[in-house]
Amino acid sequence: MASQQLATGALLRYLHGNTEEKAILQVVGIKTIDSKTDDPPTGTKRYRLMLSDGKSTFSSCMLGTQMNHLIDNHSLKENSIIRIQRVMVNTIDKRTGRVMLMIYELEVVESDSKRIGDPVALPLSDIINSGSSSNLSGKVSNYQTKKDDNEEVFLATASNRSAPATTAAPPSTTNVTHQGSTTLDDRNTPKKTTSDSTCATSKGNNAIDKERITNIDKLNPYMNKWTIKARVSSKTQIRTYENPRGPGKLFSCDFVDQSGEIRATAFNVECDKIYPLLEVGKVYYIARASLKPVNRQYNKLNNDFEMTFNYDTCIEACDAGEGDNIPQIQFNFIPISEVANRAANSVCDVIGVVKSTSDIQTIMGKTSQKEFHKRDILLVDENASITATLWAKQAEEFDGSSHPVIAFKGIKVGDYNGRTLSSVNSTLICQDPPETSRTMELRVWFDREGKTMDLPDLSKGSDVANRQAPFKTLAQIIAEGLGRGDKPDYINVKALLTIIKKDSAVYMMCPEKGCGKKVVDENNGMYRCEKCNKNYTNFEWAYMLSAEISDATGSQWINIFCHEAEALLGISAKKFGSYRMNQNESIIDDVVNKAMKHERVFKLRAKVDQFNVEERKVRFTCIHVSDVDWAPNARRLIDEIKQMEPMLL
DNA sequence: CCCCCCCC
């Protein structure tokens, strides 16, 4: 690889904060460093890299421990060519402004390579670069003469340097500039010590670095210095708990910035200290809290990590106006129709127009024997409607009389009578949220046509296609005794049609709308319906298929009625009936055989046959049939697997 | 380190 293929100047661009670039660089030195006792707590080893962009080298490049394996398995070594995927600038020394690069993600482009070019170490003036003018104070020159040990090691191993770091220009001559850097006057502004800020630590000199703000979506447990600037989008009450280790208390809150969201929790001492500092809707600088992988069972925010406030956590309220660019909330809306594909008890963000609102109702909790207040609202969007239940204060305070656009963040999916939504404590209810164009879209749509449209209601069990059903094998259905309970069971089965009773596939149905009963051919041009107790001059063909479906585990006879039979056979009952009348057997065989060619997903209702109570024979009725297409179910299956995970562990 | 969130 030729030297011009390295991203010349990239190291400096990174240090100046342009960290989006995915630069091709060369590793010219690797050093193992002792892990500090506090980070990471497991004592995992850390690697420090010296990187070259062909022209310059920079040695303070920490490798994120999740990338350690690349070195451990020898694919990343001295002279390897890499592509930086994710990098961040961190200040190592607040006093001097000395920075380092954190390499969170890289790709080895070429494992074995020769040294490229003749790079020299970046001058110190370029690497003391935190953007705060206080870094340009006299203290830096003291530092300048004092190389740290790691630096010396690298200087010794990197070949052909002509300009060691110590020959760098004095800091006062640097032209390093920073957006948003403070003025010299700012230096002397006394630190705010108002009640809306805390540095839980007594280390007063360890102030928040407001110049280097990390985006929330870039936070991870492997970085040790970061500050976020974020708005509190929600905050719980303080709750107490009791576990084997004793009693405790906690509260949690959610932070948002333009990049994402993260949940933070405070326990006990921090709970008391931090709870009064954080106000919903306000913007804060947060530094030095613990980060850990998210527990998906409880935290559904769009972030792989969650935050715990600790003794060292620093929180400072943003000055008025300073946080105006930080959004109020992060929504990940799904259309109402998509709620049909979500697992019960999962949570989601939904936006819609309030079509109607119920009165407040008081109900008695089954186990708790406590009274609860609830209010149902019918929420609609362009394609579907769903009932959302609000509880307690949210229910009491809700006024939907003006048909507002309402956004729910973190509302729970229920499966009563199809699909419902139920607000929980952490659910945010936002009226006419300004941060999404959906508000206006829905407003215009509803006022123009939505208010009079009749849309499928996910919360009506009669909309049977919306009903959710677990996937089972035919053997599981028998083994689990599905359909033998008081209420019907609904199951999806992936199976093949193996037998269709073609001779009884259609029957002569009463022409009276909604009757559906079989008529008797009086053989005089009249057809008699016993149910209506009437003779008709005509009848309609209707499907009532008796068929066997099979999968790898067994087979089952099922009944298939009009709509589903038509979907399966591909022709109308009327047409099938006419072939039957004309005894056109070859066409009928053709139609039937085609229907048995490929696997489908049969949604079945399993219920004890009412006419055979003694035998308790379960009758299976096909209520929906679809092609085997996993895509519409993928999200729900993923949700279900996620919910199972804790049980499997 | 919590993790409850209700009714037909």
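Of the atoms of DNA strand B that lie within 4 Å of the protein, 40% are part of sugar or phosphate, and the rest are part of bases. The model is predicted: local features need pLDDT of at least 70 and side-chain atom pairs pLDDT 80 or more, while totals for chains, interfaces and linings use all residues. Residues are numbered from 1 along each chain, chains are lettered from A and ligands numbered from 1 in the order written, and side-chain values use heavy atoms, without hydrogens and water.

**Exercise 1.** Identify the protein residues and elements around DNA strand B.

*Solution.* 
1. Polar contacts (N or O pairs within 3.5 Å) reach phosphate oxygens from Asn243, at 2.4 Å, and from Lys412, at 2.5 Å. Lys374 has a side-chain N or O atom 2.9 Å from a base oxygen.
2. Two or more residues each come from β9 (239-243), β11 (261-267), β17 (361-364) and β18 (371-380). With three residues, β9 gives the most. Helices (H or I, at least four residues) and strands (E, at least two) are DSSP runs numbered from the N terminus.

**Exercise 2.** Determine why the buried residues of α11 are on the same side.

*Solution.* 
1. In α11 (residues 562-569), Glu564, Ala565, Leu568 and Leu569 are buried (under 20% relative accessible area, 1.4 Å probe, protein chains only; exposed is over 50%).
2. Their arc around the axis, taken from the directions to the C-beta atoms, is only 120 degrees, which puts them on the same side of α11.
3. Just after α11, Gly570 adopts a positive phi of about 80 degrees.

Methods. A residue is near a molecule or strand if one of its heavy atoms lies within 4 Å of it. A polar contact is a pair of N or O atoms within 3.5 Å; within protein, one must be able to donate a hydrogen and the other to accept it, and residues adjacent in sequence count only if both atoms are side-chain atoms.
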